[in-house]
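Please open the model in your viewer and keep the selection tool at hand. The tour goes from one selection to the next and says what is found at each stop.

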Number of protein chains: 2
Amino acid sequence: MLRLSKLTDYAVVVLARLGAEGGVQTAPGLAAGTGVAEPTVAKVLKILAHHDLVEGQRGARGGYRLMRPLRDMPLSTVIAAIEGPIALTACVDNGFGSCEAEGVCAVRGRWDPVNRAIRDALAGITIADLAGPTVHASFSAAAE
Amino acid sequence: MLRLSKLTDYAVVVLARLGAEGGVQTAPGLAAGTGVAEPTVAKVLKILAHHDLVEGQRGARGGYRLMRPLRDMPLSTVIAAIEGPIALTACVDNGFGSCEAEGVCAVRGRWDPVNRAIRDALAGITIADLAGPTVHASFSAAAE
DNA sequence: TTATACCGGACCGCTGTGGTCCTGTTTGCC
DNA sequence: GGCAAACAGGACCACAGCGGTCCGGTATAA
């Protein structure tokens, strides 16, 4: 498995759409454009806004816009925003005391290189890479 | 997060212990040696045996033994054994039809490089690497 | 013959996730 | 000045997956 959550998947799709359109897009508009349910899109955008990946603009004619180009947004950042810090095992981020087998655990502390490898792999891929060859407004802007 | 299951963690610990001891070890013995509950160790070993990573020997004086040295056992194999095939999104392994937004999904099929990157990173690390500098029987064999 | 230990299940509580909804608050437009 | 659009920040609930335990069956050595 090693599966990441659906929310993260949605986040990537929404960000890709946001990047393709450019400018300010509303949550309902993005929902229609991506096929994801509107409340879910709103939830994702709120989380992303919380982590300064997008910026919300309130009021009528409001919406969301990217705070940096997709090319400067590594996948690891998005995953970390939605799911929290990237670490394969609980051992790593919880520090000490949480593992009852600390004394006899032969693997103690050796997960670090693994985590780093994963992190590096994920940091080397940007949302722009996932969004395809810069799909520049190939869709109608606020399609129904 | 991107967290892998505890079972996988246990599997690595148990395998490391099995490799350090060498020969045939019983589930209760490994449980005592690792600090993991015995039924859980048994469960993990059963799964590993199912995937030909260890071999079970029934009867009195039975137990489990490694089917290949830890050095030839990449982490990806263990993860795949416990959690199933490694794939970050449901899109990938489910093929078609499972994603209702196939038509509008701009990310369609672009997760493959990501999955491959993760898989490679995990395949490059063996259990021997995680088990430390070949801890050869530094503990008493079947310690209580 | 008996004790040991694996084998293959079923079983259950819990946590986290996915998804929805509701009540503010802000802002543009008529 | 009033109204509608749209974000903000929650609470809320159903469901699936995971962690963990237990039981009956079978093989094998002493």
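This is a predicted model: local features need pLDDT of at least 70, side-chain atom pairs count only at pLDDT 80 or more; totals for chains, interfaces and linings use all residues.

Residues are numbered from 1 along each chain as its sequence is written, chains are lettered from A and ligands numbered from 1 in the order in which they are written, and side-chain values use heavy atoms, with hydrogens and water left out.

Next, select Lys43(A), which has a polar side-chain atom 2.8 Å from a base nitrogen of DNA strand C, a polar contact being a pair of N or O atoms within 3.5 Å; within protein, one must be able to donate a hydrogen and the other to accept it, and residues adjacent in sequence count only if both atoms are side-chain atoms. Then move to Tyr64(B), whose polar side-chain atom lies 2.6 Å from a phosphate oxygen of DNA strand C, and to Tyr10(A), where the corresponding distance to a phosphate oxygen is 3.2 Å.

Finally, select Thr34(B), which is buried, with a relative accessible area of 2%, where buried means under 20%, exposed over 50% and partly exposed in between (1.4 Å probe, protein chains only). The side chain of Thr34(B) reaches the backbone nitrogen of Val36(B) at 3.4 Å, and Thr34(B) lies 7.0 Å from Val13(B), C-alpha to C-alpha, although 21 residues separate the two in sequence.
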